[in-house]
Amino acid sequence: MDYRIKKVAVLGAGVMGQGIAAHLANAGIPSVLYDIVPKDLKPGEPRSRLAIEGIKNAGKLKPAAFYKKELAELITPANYDDDGELLAECDLIIEVVVELLPIKNKVFEWVARHRRPGSIVTSNTSGLKLADMAAGMPEEMRQHFAVTHFFNPVRYMRLLEIVAGPDTKPEVVEALAEFGAKRLGKGIVYAKDTPNFIANRIGVYGILRVFHHMEALDMTVEEVDAVFGPAMGRPKSAVFRTGDLVGLDTLVHVIRNVYDGCPEDEAREAFQAPGWLLKMVDEGALGDKAGYGFYKKSRDEKGKRVILVRNIKTGEYAPKAKARFASVGKARNYDDARAKLRAMVKGRDKGAELAWRVSADTLIYSANRIPEIADDIVNIDRGMKWGFAWELGPFESWDAIGVRASVERMKKDGLAVPAWVDEMLAAGRESFYARDESGRLTFWDPMSKAAKPVPYNDNWLFLDDVTHDRAAIVKKNPSARLIDLGDGVALLRFTTKMNILDDGNIGLYNEALDQLDAGRWEALVVGNQGGNAFCAGANLVMIGMYAAQRMWTQLEQVVAALQQVLKRAKYSERPVVVAPYGLTLGGGTELSMQCAHTQAAAETYMGLVEVGVGLIPAGGGCKEVLSRYLGHIPEGTDYDPNPFVQQAFKNIGLAQVATSAEEARAKGYLRPTDGVTLDPDALIHDAKQAALALVQAGYRPPRPTRFKLPGPSGASAIELFLYQMHEGGFATDHDLVVGKQLARVLTGGDIPSGTWVTEDHILDLEREAFVSLCGTEGTQKRIQHMLSTGKPLRN
C-alpha cells in the first residue's frame, strides 16, 4: 500500500497542536487543524474559532514556530462538527488533545467514522499507554495506529519517539519514520509502550536525583544550574530553568505517571516529588506560565530588572547569586563535551560531587531500562540528545568518563551496576561505542552480547566517520582541514573556535581552490559539523590587534585576502557549495553568499552584523547584498536604485539576522535556487549531492554583476534616516559614523548619480571603509568590549 503522506490532520489546536501544524507548514506540508465548536460561540463568530485562534497564536509563539509567518497559509482551520469530510483527504491524522483517556477515546471514535481506510492515525500522548487507546478501535484502524511523540517546541526539538502496538503494520512504522526523518527533519527513536517512553522516563529520573543529592549536599538552585548547564554538556537552561519552561505542574504529572505505571521499577520510590516541589505547585508557582517558579523576574529599588531565585527550603526569593566551582571553571576551558564531563566528575569540590552522584545514578538507571523501554543503547542516547538537548547521551557519557574506572568507583560507593555492563567489560569490550577494524562505528548490544553497527539513515554523512581513515585528510593546518569526501568532491572544514575566519582557514581555502582549478576535484564543499556555529565571523582578536597597533597595511591585506578568496570561490569554473547551519554571522554570511550553491540547514541564523562592533561587511558582503537586490535587473533598464539600496542599508545597518533559512531567503541572503535541509545530520550529504548535480549539469559560473547606484545624493537620503534615528535615541554618535561609511559604500562612493559600477569598485570601497573605521576610537572600544564580554557596546 502507498503510505506517502501529502496532507495531515492535527486534532487539537492547543499549544502542542499549533506547534505540530506549524512545523508541518515549515516542511511545506498542508494540514487541517481541528478543534471543538466553542460553547460560548457568539452570533457571527466562525464555528472553527478555536482553530483559527490557534493558527493566529502559532504565529505569535516565542521562539517562533514558523520559519516565516506566511507559511501559516498552509493550515486550514476546522471543527469536528462540520468538517468531518476533510479528514478523508488526510494521509496522516495526529491526535493532540488533552491527556485524558475518555476524551481521547471519544476523538478516536470520531476519527473511525470519518477517516479514509489506509490512512495512518497517531497519538502525541506523552504518558498514556498505546494499548489502552487502541483497545476500542476497529482492527483496520489498530493496524494503522501508533504513537508519534513530538517534543515542545516542535520546530526546535529534534526528537520524535515512535511507539508501535502489537497490531501496527511494520510498513506503517516505516512510513512514519521516513516521513518524520526526511520530510520533517526529526531524529527518530523507537520506544516501547511504557510510561513516559524513553526521554522523559530517563530525563525526569535524572532531575529527581538532582533534587535528592542537592538536598544532601545543601546546594542552592543557582549552584545546581551552574553544574548542570554547559559545563556538563547540557543546555543553558540546566535543571531549574528547564523546570520553569516546562511547568512544575507538568513535571509533577510526569513523575506521578511513572510511579503509578511502573510498579516493577527498581527505582520506583525515587519517582516521588519532594515536598517543597508539591508546595510550589499548590502555591501556583508553576514557572513561566505563572510568571514565577524557581526563578522570578522583578525590579530593584532603582527600577532595574533583576532575576530572583527561590530558596527551596524557605520558599523565599532573593537576588540571583553567582555560583563558583573550580570544577565548572575547568570544564568551561574545554570545547569538547567529553572533556567537559571528565573535568566535572573528577573534580574535588561540591559541584563535582553533585555531578558524579547524579551521573552515576542516571547511568545505572539507563542501563537497567534495556530492554524495558528500548531495545538498545543507541535509542536511549539519541532520545536524550534530541529530546533534552544533551551533547552526549548516557552511554556516550559513560564512555567519556571511562567505563571500567567509573564502574569501580560506583561499586566503591555502594551502587549496584547492571550485570550486563560487567559482562561487557569481562568480554574485553572497554566502551559502549567503538570502531571495528573497517572503521565502522559499533555499539554493544546487551541482548546478543555482541557489537552491532550503529544504524544510520541513508542520507546521513558524518565527517568524523570520513576522517577516521586518516588518508581522507588531504591537508590540514591548525585552522582547517581539506577532506576527500569521495566521488571527486573535497570538503573544507574549519577547526577554529566557533569556526571563525582567520589566516589559516582562508589560506587553506585558497589552496583548495588551487586544487579545484587544477582538476584534482570536480567540486568543493565548504562545511562544518558539531557545535552551534557554522561560522561566527572574522577573527576579532586579530583585527583588534592590528587596529591597536595601527598596522593599517597589514589589516588591508587581510581584508583583501578574504575578498579575493571568496570572489574566487564564486567565479570558480568548478562548483563550490557552502553548507551553513546555526550561527552564520558576518564573515560566515559572506562566505555562504559567494558560491555556486548554498545548501543551508533549516535552522540557519544569517546576518551581516558587523555594525555591532563598529565595522561594515568587507568580505564582499555589501557587494553581495547589492547583487541580490540589483543584480537581477538588466542593464539598460531605467530604474531608481534608491529604494533597493535603502533596503540593503537597513538589512546591514540594523544588523538584521534571519531566524531561519527561509527567512534568510526572504532577506536575500539565500537565493531562490538555494537548498534547505531540515535534518541537520543530512546537511553535508545534501551539499555533496548538490555539488555533484551541478557537475553533472555542466556547471558554468555566473558573470560578474554591474550595479547602477545613486552616489552622494543617495547617501544623503540614508543619512537623513540616520539622523532621525539619532534624534529618536535609536542610534548613538558612533552609529552615525559607521552608518555614514556604510551608506557611502552601498551608494557607490563619489560617483555621479546613476553610474554603473563594477563589483571590484564596491570591494575597494568596503576595504577602505573597514580600515578607516578600525582607526576610530569608537570602533576600537566596541571590539575590545565584545572580546571581553561577548556583548556589543552602544557608544
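1. Helices here are DSSP runs of H or I with at least four residues and strands are E runs of at least two, numbered from the N terminus. With that in hand, Y67 is found in the loop between α2 (49-58) and β3 (75-79).

2. A word on the basis of this note: the model is predicted, with local features needing pLDDT of at least 70 and side-chain atom pairs counting only at pLDDT 80 or more, while totals for chains, interfaces and linings use all residues. Residues are numbered from 1 along each chain as its sequence is written, and side-chain values use heavy atoms, with hydrogens and water left out.

3. Is Y67 buried or exposed? Its relative accessible area is 3%, so Y67 is buried (under 20%; exposed is over 50%, partly exposed in between; 1.4 Å probe, protein chains only). Among the residues that Y67 touches, leaving aside those up to four places away in sequence, are H23, R155, A602, E663 and L678 (contact means heavy atoms within 4.5 Å).

4. On to strand β22 (residues 597-601), which holds Q599. Q599 counts as buried because its relative accessibility is 8%. Its side chain makes polar contacts with the side chains of T677, at 2.9 Å, and H597, at 3.1 Å (N or O atoms within 3.5 Å; within protein, one must be able to donate a hydrogen and the other to accept it, and residues adjacent in sequence count only if both atoms are side-chain atoms).

5. Beyond four places in sequence, Q599 also touches residues including V577, P580, G675, L683 and A690.
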